[in-house]
Amino acid sequence: MSSLYRVEVGDRCELCRSKTEGFFAALSADALRAFEAAKYTFSYPPGATLFSEEQDLSGVFLLCKGRVKLTMTGYDAKSIIVRIAEAGEFVGLDCAISGKPSGMTAETFDQCVVHVIKRATLQSLMRDHPGVCVAIAEQLSNDYRSACSHIRSLGLSRTALEKIAHFLLECAAKGKVTDEGLRVNIPLKHEEIAQIVGVSRETVTRTLTELKHKALITMKGPAVLIRNKSALEALAVA
């Protein structure tokens with residue numbers, strides 16, 4: 001955990017909006033108070049490293065605000081983005097449960113507020129409060145499903161077009177239905193999308209342009225409008 005960027009702040013979990021859909025949703029009032037008493041809250045700027053690959057973690061990070069990207073680096077020094085954690089999600093949870101070193105590097109995408117819980121304290125909360133176990137099990141299940149989806153896209157998709165279509169459809173799960181199509185915000189650079197889907201930046205740019213020419217999507221900055229979802233789904237499983 002980087003001490004260079006840590007600035008303690010006073011966010012209180014009972015006031016956190018993310019509790020309606022994230023970790024706090026499954027907690028009782030007693031469990032929430034116990035978590036509140038045990039956590040340490042810090043603010044990190046964009047680009048701060050929370051932990052690195054092969055690092056032993058003494059605690060777990062619960063993201064309150066902002067986004068954190070989790071990356072893995074191969075023997076050729078090439079990195080892929082495994083997933084992007086958002087508010088209400090744990091980072092480093094598998095390490096806190098298993099006690100094994102991290103298999104990924106966690107870096108803040110933007111300004112983040114993070115709750116830190118010591119590993120022993122988290123285990124104590126799990127023993128004393130069933131709701132904590134339920135919330136943790138739900139995230140581990142979601143992480144597993146996300147990993148399977150990522151592996152399927154990286155290993156089983158034959159073309160860049162399939163990979164990009166699959167990526168857009170995953171993003172669309174959080175989109176908004178409009179009369180024009182499915183609107184979604186994707187605040188990622190082409191290089192970052194390339195690190196997620198496992199192709200070059202140039203290939204991402206070329207493929208997105210192709211999808212625009214086919215009138216399947218339109219883009220303006222981070223705003224993406226999926227105009228023909230069924231056609232995109234057909235490409236994803238081609």
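A residue counts as buried when its relative accessible area is under 20%, as exposed when that area is over 50%, and as partly exposed in between. With that cut-off in hand, we can begin with R83: its relative accessibility is 15%, so R83 counts as buried. Please keep in mind as we go that the structure above is a predicted model.

Let us step back for a view of the whole chain. Its secondary structure comes to eight helices and 13 strands. Of the 238 residues in the chain, 43% are buried. Another way to look at the fold is through its contacts: among those with a separation of 6 or more, 70% are between residues 24 or more positions apart.

Now back to R83 and its partners. The side chain of R83 forms a salt bridge with that of D143, at 3.7 Å from N to O. D143 belongs to helix α4 (residues 130-156) and R83 to strand β6 (residues 79-85), so this pair ties together parts of the chain that are 60 residues apart in sequence. The count for the model is nine salt bridges.

Where does D30 find its partner? D30 forms a salt bridge with R33, and here the closest N and O atoms are 2.3 Å apart. Because D30 and R33 are three residues apart in helix α1 (residues 29-38), about one helical turn separates them. Are these two buried or exposed? D30 has a relative accessibility of 48%, so it counts as partly exposed. R33, at 51%, is over the 50% cut-off and therefore counts as exposed.

Elsewhere, salt bridges that share partners join R83, E89 and D143 into one network, which brings us back to the buried arginine of our opening.

Next, follow the strands. Four of them make an open sheet in the order β3-β8-β5-β6, with antiparallel pairing. The edges of this sheet are β3 (49-51) and β6; each has a single partner strand, so one side of each is left without a neighbour in the sheet. On average, and ignoring direction, neighbouring strands of the sheet are turned by 30° against each other.

Another pairing to find is that of β2 with strand β9 (residues 112-118), antiparallel and over five bridges. In this pair, S43 is placed opposite V113 in β9. How enclosed is strand β2 (residues 40-44) by the rest of the structure? Four of its five residues are buried, so β2 is largely enclosed.

From strands we can turn to a pair of helices. Two packed helices are described by the angle between their axes and by the distance between those axes. Helix α5 (residues 160-172) packs against helix α6 (residues 190-197) at about 105°, and their axes are 10 Å apart. Because angles of 65 to 115 degrees count as roughly perpendicular, α5 is roughly perpendicular to α6. Which residues make the contact? K163, I164 and F167 from α5 meet I193, I196 and V197 from α6. By kind, the residues of this contact divide into five nonpolar, no polar and one charged.

E54 has a positive phi of about 70°, although it is not a glycine. You will find E54 in the loop between β3 and β4 (59-65). Its relative accessible area is 62%, so E54 is exposed. A215, also not a glycine, has a positive phi of about 65°. The place to look for A215 is the loop between α7 (201-213) and β12 (217-220). A215 has a relative accessible area of 34%, so it is partly exposed.

Notes
Residues are numbered from 1 along each chain as its sequence is written. This is a predicted model: local features need pLDDT of at least 70, side-chain atom pairs count only at pLDDT 80 or more; totals for chains, interfaces and linings use all residues. Side-chain values use heavy atoms; hydrogens and water are left out. A salt bridge is a side-chain nitrogen of Lys or Arg within 4 Å of a carboxyl oxygen of Asp or Glu. Helices (H or I, at least four residues) and strands (E, at least two) are DSSP runs, numbered from the N terminus. Buried means under 20% relative accessible area, exposed over 50%, partly exposed in between (1.4 Å probe, protein chains only). Axes are lines fitted to C-alpha atoms, for helices over the stretch in contact, and angles run from 0 to 180 degrees between N-to-C directions. Angles under 35 degrees count as roughly parallel, over 145 as roughly antiparallel, 65 to 115 as roughly perpendicular and the rest as oblique. Contact means heavy atoms within 4.5 Å. Ala, Val, Leu, Ile, Met, Phe, Trp, Tyr, Cys and Pro count as nonpolar, Asp, Glu, Lys and Arg as charged, and the others, Gly among them, as polar. Two strands pair if DSSP finds at least two bridges between them.
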